[in-house]
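Let's walk through this protein together, one piece at a time.

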Amino acid sequence: MTGQGSVLVRGGVVVPMTAPGTFLEADVLLRDGLVSAIGQGLKEDGARILDARNALVLPGFVQAHVHVVQSLARHRAEGLPLLRWLSERIWPYEAALSPQEVRAAAHLGIAELLAGGTTAALDMGTTHDQGLVFGAAQDLGIRLTSGKCHLDVGAGVPPALLEDRDASLAEAEELGSRWHGSCGGRLRYAAAPRFILSCSTRLLAGAVELARRNGYLLHTHASENADETRAVRERTGMGNVAALARAGLAGHDVVLAHCVHLDDAEMDLLAQRGTAVAHCPGANLKLGSGIANLPGLLAAGVRVGLGADGPPCNNRLSIFHEMALAGTIHNLTRGPGAVDPWTVLEMATWRGADVLGLDRVGRLEPGWKADLVVLSLSSWAMEPAAGPAAMVVYGGGVESVRHVIVDGTVVVSDGELTTADGAAIRREARHAADAVSRRLGWA
Ligand SMILES: [Zn+2]
């Protein structure tokens, strides 16, 4: 599914994300998967017309860390800190998933992302059936960078998830050769060692080698929780970010989720090497992990995007929830205005796209990819209309999403998913969640 033909998004207020404070009343013409023109009174014979009156038109939102495969465990892994949440609920759940359940989880997660205005995401899968996640992304139309996760050691990991290192890396290579760059570049592969505590040194080295040889992103978790960070220090004698850098996981092609518990040297290391951070405030609050020093990361020049993380640790995949948190929780330590709403909106658009290494994504400019969201101003919290950044970051919600376009294709129209049967996705997800819950003795 590539963006064929033309779409004219007419009558909205365009927030192109080219500079803080910039917005204009304009139409947006999309042609062959790219933004063709932005201006008033645009016309195009044969173009599909999308109504953007009483609405904002923004680049599609980008999330830098999600796990769509965990969607069936949503609302079923409550009240636990990270390491117990993983070993008692999430790893047994992932180990138990059948191929059909992986597919149902991926459909649910991706449908939620698209319906909520997220057009691109960096996703981490489980150890098995990752091709079905890519298949779901192919069908539903999201711009997805994803990869199977790798784990070969560690406490609390069910035997069914523990992998043979060479077989795990070979499977990733096969997945990458099938999916990286497919659907006109909309789907990309990312090598995804789970986190240091579940990866041998040789597995980490193998993942780095695989990624660098093929041009894949490297995606892992780091310093989410104090116990995890302490365990990494005991095992490696250094902080998580430093230990990952020693293993080769540092640089512009590396995305570290969380980075809540860092020392000053690690903060400098992230900035010096260009390593990116996925800030996940919703998940960090839910699991009681802590609050990352986002103002400090930004001031140090670290590349930062936003992510909802997994449905069972949030419990939603809403970029609006993450934006509202990123724009408010840091006021607790730095005072009101700690992170201004334009910067938050940048993290949810072009900064996030930069974290994912996406070319010409995250802004609305001629020649950039036609990934776009139309946000209705009809919800009560959007009134009275004022500056768009504050409205979207503090007053916006998934209920505001009217239309969504990815790669020139309309994937959500008037709030409804157009690329799949939403009712069928919900039905299959409920059935699959009940089945896996029963097998795990959760029901
Ligand atoms: Zn995660």
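Helix α2 covers residues 99–115 and helix α16 covers residues 422–439, and they pack at about 135° with their axes 9 Å apart. Here axes are lines fitted to C-alpha atoms, for helices over the stretch in contact, and angles run from 0 to 180 degrees between N-to-C directions. Helices (H or I, at least four residues) and strands (E, at least two) are DSSP runs, numbered from the N terminus.

Before going further, keep in mind that this is a predicted model: local features need pLDDT of at least 70, side-chain atom pairs count only at pLDDT 80 or more, and totals for chains, interfaces and linings use all residues. Residues are numbered from 1 along each chain as its sequence is written.

Back to our pair: α2 brings Gln100, Glu101, Ala104, His107, Leu108 and Ala111 to the contact, while α16 brings Gly422, Ile425, Glu428, Ala429, Ala432, Ala435 and Val436. Two residues are in contact if their C-beta atoms, placed from the backbone, lie within 7 Å. By class, the contact of α2 with α16 has eight nonpolar, three polar and two charged residues. Ala, Val, Leu, Ile, Met, Phe, Trp, Tyr, Cys and Pro count as nonpolar, Asp, Glu, Lys and Arg as charged, and the others, Gly among them, as polar.

Now find α3, residues 130–140, where Gln130, Leu132, Val133, Phe134, Ala136, Ala137 and Leu140 are buried. A residue is buried if 20 or more other C-beta atoms, placed from the backbone, lie within 10 Å of its own. What covers them? The cover includes α2, β8, α4, β10 and β17. Just after α3, glycine 141 takes a positive phi of about 100°.

The axes of α4 and α5 (residues 201–214) come within 10 Å and cross at roughly 20°, so α4 and α5 are roughly parallel to each other. In this pair, Arg165, Leu169, Ala172, Glu173 and Gly176 of α4 meet Arg202, Leu203, Gly206, Ala207, Leu210 and Asn214 of α5. That contact of α4 with α5 divides into five nonpolar, three polar and three charged residues.

Definitions and conventions. Buried ≥ 20, exposed ≤ 12 C-beta atoms within 10 Å, placed from the backbone. Parallel < 35°, antiparallel > 145°, perpendicular 65-115°, else oblique.
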